[in-house]
Structure formats: structure tokens, C-alpha cells
Number of protein chains: 2
Amino acid sequence: MGCLGEGHFNEELENGVSIECGEVGFQEEGNTNTAAIEDAVKVLLVGLGEDINREGIKKTPLRVAKALREGTRGYRQKVKDIVEGALFPEAGLDNRIGQAGGAGGLVIVRDLDLYTYCESCLLPFQVKCHVGYIPSSQRVVGLSKLSRVADVFAKRLQEPQRLANEVCSALHQGIQPAGVAVILQCTHIHFPDIESIFLESNQQGWVKKLVSSGSGVFENKNADVWADFFCLLKFRGIDVEKISLRGSSDQHWCPSLSALSAKVSSKIEPLDPTMITAVSSILNSLGEDSLRKELSGTPSRFVKWLLNFQSIDMDVKLNSSLCGRIDTLNINREINFNDRQIHSELNLPFWSQCEHHILPFHGVVHIGYFLSEGFNPIGKSLLQSIVHFYGFKLQVQERLTRQIAETISPLLGGHVIVVVEASHTCMISRGIEKYGSSTATIAVLGCFSTDFSARAAFLQRVASATSSGGQQFLLEVEMF
Amino acid sequence: MGCLGEGHFNEELENGVSIECGEVGFQEEGNTNTAAIEDAVKVLLVGLGEDINREGIKKTPLRVAKALREGTRGYRQKVKDIVEGALFPEAGLDNRIGQAGGAGGLVIVRDLDLYTYCESCLLPFQVKCHVGYIPSSQRVVGLSKLSRVADVFAKRLQEPQRLANEVCSALHQGIQPAGVAVILQCTHIHFPDIESIFLESNQQGWVKKLVSSGSGVFENKNADVWADFFCLLKFRGIDVEKISLRGSSDQHWCPSLSALSAKVSSKIEPLDPTMITAVSSILNSLGEDSLRKELSGTPSRFVKWLLNFQSIDMDVKLNSSLCGRIDTLNINREINFNDRQIHSELNLPFWSQCEHHILPFHGVVHIGYFLSEGFNPIGKSLLQSIVHFYGFKLQVQERLTRQIAETISPLLGGHVIVVVEASHTCMISRGIEKYGSSTATIAVLGCFSTDFSARAAFLQRVASATSSGGQQFLLEVEMF
């Protein structure tokens, strides 16, 4: 066993998660399942028209299979063992005089970052988890175990309310306290459909949902103890009442279930049945039952979403819309800056799909340019279209940045700077789980590659604008 | 191999971290080292006057040993293998027209949360890591690998500048780009000494340091590319120049090296040599050389710090200062609220040590009470002293909350509410790594345990106050 493995092995021993080394065939079964998912991912890539042997995606099936197995490891973990090893005797107050310590007296942990997979569409969604309990029988649980137990259920295919209920009831059973309370702030990415993105001006980026679950003294939603819990959240700036008001709606939680998605998807051609079968087989390999009611439409919804990233058709469309202009250009012509004015379009949203992990990345694009003599500025809507064209395919951020720059440069005379800022789902939903991180890439063409002051002037403009623009966009998940 | 182990085993394969299963004795060596640390921790607990068989701490040596091994796993990881498996060919721009993609064009990842152990005092410190590189030779690296490589060096005993240099040079060697840039915002807890905490009114909670390291085109600190990097950080609200100005000082980074600590410690009795030997043996078991220059004073600094949490003497002190008052009390006497005015002291800082992990937890205490007839309010300084008395020992937060409430209740007539808000180092520096999380506990005595509106009124007052007080305190690490 390697060094990392050893560390986690120890971790596991400590948590009391059952060691299944002894179970013959467990490792083998895991390998078989991983291989099955790998094969299914190859089917999906072929369905997208990709060459599965091209560098960049040739290891993608393996990466995806491992990430999915890791991201659903909760199916193979046992809560009881985690909690049992971490119950500590702790004297409480005499009940006649008050509540504290091991008898009464609320204990909560706020702001646990989790992610989980949406059972309706298979995309990861982010969860801010607040969990608490009221000890009884002079017994408290190690604080980190609240997080570990929540994570066991997060690492499964989920829906917010079920996740809250499962965490709550598992903790109640494990700790046997006076009551358990769970509040989850869930944020699901709303990936606009490529067919609809050009029609709608208001592209909603996120669907948010606040759910709660309570047991014991928290079973009654109007119990005073809930008010205590809410107050302790308020100390951290989390106003549950306000969030609930904002979030309450009869909208579907998962955007793939919404009426609009259904409407748009009804227009597209019938889905490739081999791709749908492939997704069903992935669900089964993860330990799920693909026939479970909530999962019955998941394979086709996932395939529909995936088909947004079929790149071949889009290249044709892009070329037909731009080729007339591109023909008129000469990149190397003499440059004449009349006024050295930097034109810019900032915070153009984009949506893309990481080709290494088949996971979304999304953010904003900032474009700046000097207009060479004889060229006209490009309108915002065309720039936005170009951004979307290159976003909706299997991508890496470095290439997206270059492609946008290369495409607009000849339309403007060659002096272009493009900055792409993104949040990568693969940075949160895989091993490293870096929740707040964000990535930035730059492409510079023409004088922007040599003239530092021009670059600095543009970047400074973005910095001023992003304090209320792009940064807000990127951080929205955290702010709720 | 268990299920968790399996997940990480896969992860490991993917990263290309060398699998050392085949190396005979590796696992065994790990177990031997863990057992050696466990024994050393027992010596330290005995040195603190603890009963190592008491519930709550009897598994602490094992927990500490595993956490330390896990937290220093970087000694047993190889960077080269992580990066090599994740280099992707990516076309760049023709250098004559600009820089982007696989040739030129900055790529950065911002806001990676890491933690590491301070080599001077063995306490964990937190790092916000911003890392970037400029690709060359049409080759980019998987974005998550920047984080993984940084983590390899973070998971060792460190000092900020060395950490930055090691990450920078490892990435440069691994990716062979045009240059690598690393900026670290490091935050070290400043644990006031129990001897000095009552003397100083200004208890500084944190020491902060900003360090950078650059290779290739970033080697010159005045190179224009650094300005690009800084601008991209500014998009996220990180103003490096301002931070540098604030942070620049000739102060020692680790508070244990500062003049004040030295002065205070010179007053205390000679340290127990068996404890110092125990810490040296821990360093060696982690794979370090305890004779390395930077580590030569670490064992005695750690032991000095640990001795703050010797609980026995403090109980005596506390009793002598309070017993006169406690004798005069009768908790069950008739209550008469003249005005039902809630007296409160909010945001009293505390520092404590988690007895499950021998790691700091710290935060603020909010105290509210009704004054029964015949009692006088307690001054802030006495409340603060009580908080410190119960903080400076091996603790759990639930018990700390109860002990504070139980101690002040009889001084005031029995109607007390105590809220403790804390950040637990064990929540970030162990397996779960939940950086933004915080814990809250409540103790309610007398009418606060039955009168919901009294409790709500007090909590509401805290909520109003913490928007600029306690919350700020708790979040300071994240804000820099």
C-alpha cells in the first residue's frame, strides 16, 4: 500500500469505518465497476463525436470513472462505526438548573462545505451544511464526526431534502441525543441549454434551495430550539428566514427538470440509445438502482445535457457566421492607433465542459482590444456568441482563452487581450476539494503581448469592474 | 483494503504518486513510527499531569500520532510523478503574434486553502496559496496538479518562505514552463502565554506573512509578468501591495520566537527533559532530522507552549479567587427581576486546547445574565479571567461552556446564558479539512433554560454585535 493509502487507511481505522480488507472480492469488485464505468464513458465520448484516442481525452474515461466512484463512496461507508468510535462521556448540568455540556445545551457546527451529485442530472451540486444537536445522557460526539457523517450521505446521488433527512436520522441514531437539526443551503449550477442561450437575455446561473430536517426536540418546526439554531447562524451572517423567502418557489430544484428544459429538449432529435444505456450502466456500477423512480429519467437528461458539448456542428455554425468577415483581413497590416483607446467588454458569461473530467467549468470572459485603422468595433452580442461557441464543447480553459483571442483578433486588426476567469467543478468535486479556488488565464495578441502598460491599463479596468461584477459572479456560490 | 482506502488508492494511481506497496516494510515502518509517536504523546500528557487512562484522552495519543503522520505525508510523496501524469499537449499562439494557450499566456489558480505545520513550534498554520505559471513548449499541466504539488510541500514542517520556494521550484522542474510564480498568505495563530495574557490588553490573535517565489520569467521581482499576476489577484480582492506593506516587519514569523515569548519563558522553571526528548522523537518519527538547525529549539518551544495547558495549578488559583464569594450563594433562592434587564459581555476572546487532538481551538465567549436581587454585576475583567482560566487546559468546547456558566451562575443568582463560538484547528488540519467551519455551543441556567424570549433577546443582541465583532474575529484568517 502506498503512502497516501497508508494515511487514509489510518484515518479510516480511527473513524472506525469498517475495514473491508478481509472481504474477499471487494477490491476486485471495485476494479470491475471502475472498468465498467470507463467503458460507458468511452461510449459517451464517441457519441459526442470525439476521437477517444486524442491526447487530453484518452485518459478521461479512467479519470471520470475514478472520480465518480470516489464521489459516491458514501454507498460503501457505514455511519454507525464512524460515530460509535467518537462518543465521549461529558458531564451535563443538573436538568433542574439548566442545560449545558453533556445534557442539553445546543452544539452546532456551521459552514461545512460539501458537494454531492444530483440524482436527476448527475451534475455535482454544492452544499453549505449547518448541523447541530442537543446532547443527552451525558454523551457528546467528536465535532468532526458531524462533518464526516454528513459527508457519507453527500457522497451519493442526492436531492436536497433527502440528503438533509438522511444526515439527520443517521446522526440521531448514532448519537441518540435529545434532537438533531440540519440545515442545508444547496446550490445547483443552471447550465443554459445551447439551443436556448441565445434566446434568453436573463441566463440564471444558479438554482438555490434551503432545506432543513429535525429530529427529537427539533421535530416540530416551530419549536423554540429552532430559533436558537437560527440565531447562531445569524452570527455568521446567515439569515435563514430571508433565504427561505427568496428560495421558496414551486420551481423544480434541478434545472433539467424544469419546463423550459423540457420544452427545448422536445425539439431536439431522439437521443442515441447506446448513450442512454451507457449512463444507466454507470448508475448501476456506482451501486445505485437505475430503475429507482427518481433515477428513471436521469440517463436521458444527462445525455441531453452532454449533447450541448458536441463540438462538430458548432464549428460549422461559427465558420458560417464569421467566414465572410475573416476573409477580408490581413493580420500583419500596418497599425495605426488613432487614439490608443482600449475598447472592452467585461464579464461575458461562459459555460464549458472540462475535457479531462467531463465536469462543468464556468465563469466570465473579459475582452479588450485596440481598434486598428479600417476595422470596426465588435458588438457585445457577437463577442458573447463567440464566447458561447467556444464554451460549448469539451474544453480546457487555456485553449478556450486562445481560441477566443484568435477568433476575434483578425476582426479587429490583431491587438487583443482576453482574460478568462473560471470556477472548475473538478476543483471541488474531486480529490482536492478546493472550494473557494478560481482559475484565470490570459491571451495577449499584437501590442498587448509587448506593451506592458496597455496590458496593465486593461487589467486595472477589469479589477475596478470586477469588484461588483465578475467577482460577484464567481463568488455567488459561497455567498448564497 | 477498505472502501475509503480503495478510493484513495485509485486517486493515487491517477496522480501517479508512486505506489510503494511493493516496498517491503513500508507499511510496517509506518506503523512503527505511529506507535513511537503515540508513546511520545503519552509522555507529554503525563508531563501535563493528565491521567492518560481517562475517557476523552485515552485515545488521544493514537489520534495525535495519526494526525501528525497524515499531516506530514508530504515527506513520503513525489512531485515528479504527480505532474508527469498530467501534462497535456496544447497548441499555443505563434510567438510573433502573441502569447496564449500552450505557449505564453499566464495561467493561475487563486485561493487554494492549505495548512501546514510550523517547524518552530509544531502548531499548524493556514495558507492561502496563489500559484501560476507561463506554459512553454506547447504543454500545459492539469489545473488541480498545481494544488496537489503545493500540498506535497505544505504537508511537511515548514516556514513560509521555504514553502513558497519549494513549491515554485518543484513546479518549475515538473512542468518546465517559461516561469512559475507562487504567492502565499500565511496566518499563524498567536497563542498568548498564560503568564502574559493578563498583563497585556492588546492580545494579538494572528501573525500574518506574505511571501512570494518566482522562477524563470518570474525570477526578477520587478518583471512585468508579476504585475499581471498581481492584477489577477486584485480581481479577487487581494491587494498584494497593501498586504505587503501591512505585513512587512522584522518581527519573527512564529510567535514562539518573539522577544516577548522568550522573556516570559525565561521566568518559568526548567523544562522536563523527558518531555523535550519525547518531542524530538516525534520529529524523527515524522521523517525529520531533529538536529536540523531550524528544529533544534522546536522541542523546548513546543513543550513550553504545551505547559500553558497544565490544568492542576489553575484550578487552585481559580478557587482561591472565587471561593469566598461562592460560599455566600444559594442558587435556589426566590428570583426577583427588578427590571428584567439582560446584562451582557460579548466577544471575550479565549484560547484553548482540544483534548482529543492536542490542537488549539479559540474564539469568543458571549455571556448574558439577569441579576438576581442582592447580587452585583461581574466586571468584564473578572469574566475574562474566568474564561481564560477554563480555556487554558485540555478541553472540549461543550465542557468549557458548561464550566464558565457553572462558575459565574452562583455569583449572579443563577440566571445565566453562555455562548461559545470557536474555530477548531482540528477541523482544518486533520482529514476533513473544513476551512471555513465554526462551532457554537450554548449553556443556559435558571430562567434562560425555560424562558425562550429571554434567550432570544440575548442571542439577538449577540447577532447584532457580532456583525462587527465576534464574526470578524472568527473570520480574520480568511480575510487576511
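In this predicted model, B:Phe392 has a relative accessible area of 0% and is therefore buried. B:Phe309, likewise at 0% relative accessibility, counts as buried, and the rings of B:Phe309 and B:Phe392 form a stacked aromatic pair, with 5.6 Å from centre to centre and 25 degrees between the planes. Because B:Phe309 is placed in the loop between α11 (298-306) and α12 (311-326) of chain B, while B:Phe392 is placed in the loop between α13 (380-391) and β11 (394-395) of chain B, the pair ties together parts that are 83 residues apart in sequence.

Over all chains, a search of the whole structure finds 22 aromatic pairs. Among them is the pair of A:Phe370 and A:Phe448, which is described as stacked because the ring centres are 5.0 Å apart and the planes stand at 20 degrees, the cut-off for stacking being planes under 30 degrees apart. This pair links distant parts of the chain, since A:Phe370 belongs to the loop between β10 (359-369) and α13 (380-391) of chain A and A:Phe448 to the loop between β13 (438-445) and α16 (452-466) of chain A, 78 residues apart. With a relative accessibility of 2%, A:Phe370 counts as buried, and A:Phe448, at 0% relative accessibility, counts as buried too.

Key: Residues numbered from 1 in each chain as written. Chains lettered and ligands numbered in written order. Predicted model: local features only at pLDDT ≥ 70, side-chain atom pairs only at ≥ 80, totals over all residues. Heavy atoms only, no water. Phe/Tyr/Trp six-rings, centres within 6.5 Å; stacked < 30°, edge-to-face > 60°. Helix = DSSP H or I, 4+ residues; strand = E, 2+ residues; numbered from the N terminus. Buried < 20%, exposed > 50% of the residue type's maximum accessible area, 1.4 Å probe, protein only.
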